Amino acid sequence: MNVVVTVQHAGHVHFFKHAIDELTRRGHDVRVFARDNEASIDLLECCNIEYEVLAGSSDSLLSLATAQATYEARLLRRALEFEPDVMTAIGGVAVSHVASLVGARSVVFYDTEHATLIRRLAFPFADTVCTPDCFRDDIGSKQVRYPAYHELAYLHPDHFDPDETVLEDVGLETDGDVVLVRLGDWSSSHDVGASGIEDPIALVEQLEADGAEVLLSTEGDLPDRLASRGFDLESDRFHDLLAAIDLYVGEGGTTAAECAALGTPAVYVSDLTLGYLDELESRYGLVVNCAGDGGTEKAVEAARSILAEPAMEFQHRRMHLLTEKVNPTDVILEQLTGDPSAPPRGTDTAEAPPRNVG
């Protein structure tokens, strides 16, 4: 079977990497096409995934539209040459359009309710739209709900065993609480008009006054007064870090869910609400959602409450989560091939050793 996977962000690489490995092991022909996003390209290289870049990155809505048009045109040309049976993506604007033109089946994965532009452009053309079962909206008959979160596709214990030496690698030698604060850049099309931590300096200084060691990560430039809290770490070690810290406080919903999947409590500070983070708070107690005015103060109070609890309590909550959720890689394989585990007929998997995709 011919399979096309497209990726536009590093998170998409993580989501599909184990499925790509398994599809290749079973003998399917998989082609990966990407946008020139530095983080995603670095990760594709790190995971030893062959890929082709079809378009550049963008820094505005206008350049995004231009890059998207270029990306779709080039994807159409490649698809006409490759003749895929199925095409898949997260979001899936280009995939859903191109698949309908080349006679392929399109399978789109998504978990972000407020990304209305992507949904309007992609969902009407997609054959299947797969969402976590906590996704708040009803898409109709093409929607497939499954009990998991995107982040479990790469952080499920089937796939991920954290390296406990990571704190030493970022220069920390402490027996106290370690808190990672992460700031976003709010440049994505679905982030327009959103806000999060109003005063990062006050947040960091208050956490440190309470005795925590703070590490600071940002998608933009660090504020000058906080530059000393920055750290250097290879991109493929970031999830090791999330497993090692005591608390995450940040504006990134994906990072909050990644922490929850690892049993690290998270405080999510944003007025963009997400169904999966609501469930991680209400059902599993692994996330605290802070929205609206006074987000910084709410985050500090939530952090104090979390750090007062035993760390093992959050690992128990994670185990509860894992008993109720599936590995999304199995869902990807089932939706693309019709079977999450069996190789295609006539394939001798003994002659197709697995590739190392990190």
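Me: I have the model open and would like to start with helix H1. How many residues does H1 have, and what span is expected for it at 1.5 Å a residue?

Reply: H1 has 16 residues, and the distance from its first C-alpha to its last is 23 Å, close to the 22 Å expected at 1.5 Å a residue. Please keep in mind that this is a predicted model.

Me: Where does H1 bend?

Reply: Go to Phe16, where H1 bends by about 45°. The helix itself covers residues 10-25, and Gly27 follows it with a positive phi, near 100°.

Me: Is H1 mostly covered or mostly open, and how many of its residues are buried?

Reply: The cut-off to keep in mind is that buried means under 20% relative accessible area. In H1, twelve of the 16 residues are buried, so the helix is mostly covered. Among them are His12, Val13, His14, Phe15 and Phe16. Further along the helix, Ala19, Ile20 and Leu23 are buried too, and so are the charged side chains Lys17, Asp21 and Glu22.

Me: Could we take one of those residues? Is His18 buried or exposed?

Reply: His18 counts as buried, because its relative accessibility is 12%.

Me: Now for helix packing. At roughly what angle do the axes of H1 and helix H2 cross?

Reply: For a pair of helices, look at how close the axes come and at the angle between them. Here the axes of H1 and H2 (residues 38-46) come within 7 Å and cross at roughly 30°. Angles under 35 degrees count as roughly parallel, so H1 is roughly parallel to H2.

Me: Which residues make that contact?

Reply: From H1 the contact uses Ala10, Val13 and His14, and from H2 it uses Ala39, Ser40, Leu43 and Leu44.

Me: What is the phi of Glu83 near?

Reply: Glu83 has a phi near 55°, again positive in a residue other than glycine. Glu83 is in the loop between helix H3 (61-82) and strand E4 (86-90). With a relative accessible area of 59%, Glu83 is exposed.

Me: Let me turn to the strands. In which strand is Ser106, and is Ser106 buried or exposed?

Reply: Ser106 belongs to strand E5 (residues 105-109). The residue is buried, because its relative accessible area is 1%. Leaving aside neighbours within four places in sequence, its contacts include Met87, Val95, Phe125 and Asp127.

Me: And what does Leu183 touch?

Reply: Leu183 is in strand E8 (residues 178-183) and is buried at 9% relative accessible area. Not counting residues up to four places away in sequence, Leu183 touches Ile197, Pro200, Leu216, Ser217, Thr218, Glu219 and Glu251. Its C-alpha is 8.9 Å from that of Val249, 66 residues apart in sequence.

Me: What relative accessible area does Leu321 have?

Reply: Leu321, in helix H13 (residues 311-324), has a relative accessible area of 0% and is therefore buried. Not counting residues up to four places away in sequence, Leu321 touches Tyr149, Leu152, Leu280, Tyr284 and Leu286.

Me: Finally, how many helices and strands does the chain have?

Reply: The chain has 14 helices and twelve strands. Of its 358 residues, 49% count as buried. Among contacts between residues at least 6 apart in sequence, 59% join residues at least 24 apart.

Methods. Residues are numbered from 1 along each chain as its sequence is written. This is a predicted model: local features need pLDDT of at least 70, side-chain atom pairs count only at pLDDT 80 or more; totals for chains, interfaces and linings use all residues. Side-chain values use heavy atoms; hydrogens and water are left out. Helices (H or I, at least four residues) and strands (E, at least two) are DSSP runs, numbered from the N terminus. Buried means under 20% relative accessible area, exposed over 50%, partly exposed in between (1.4 Å probe, protein chains only). The expected span of a helix is 1.5 Å times one less than its number of residues. The bend at a residue is the angle between axes fitted to the seven residues ending there and the seven starting there. Contact means heavy atoms within 4.5 Å. Axes are lines fitted to C-alpha atoms, for helices over the stretch in contact, and angles run from 0 to 180 degrees between N-to-C directions. Angles under 35 degrees count as roughly parallel, over 145 as roughly antiparallel, 65 to 115 as roughly perpendicular and the rest as oblique.
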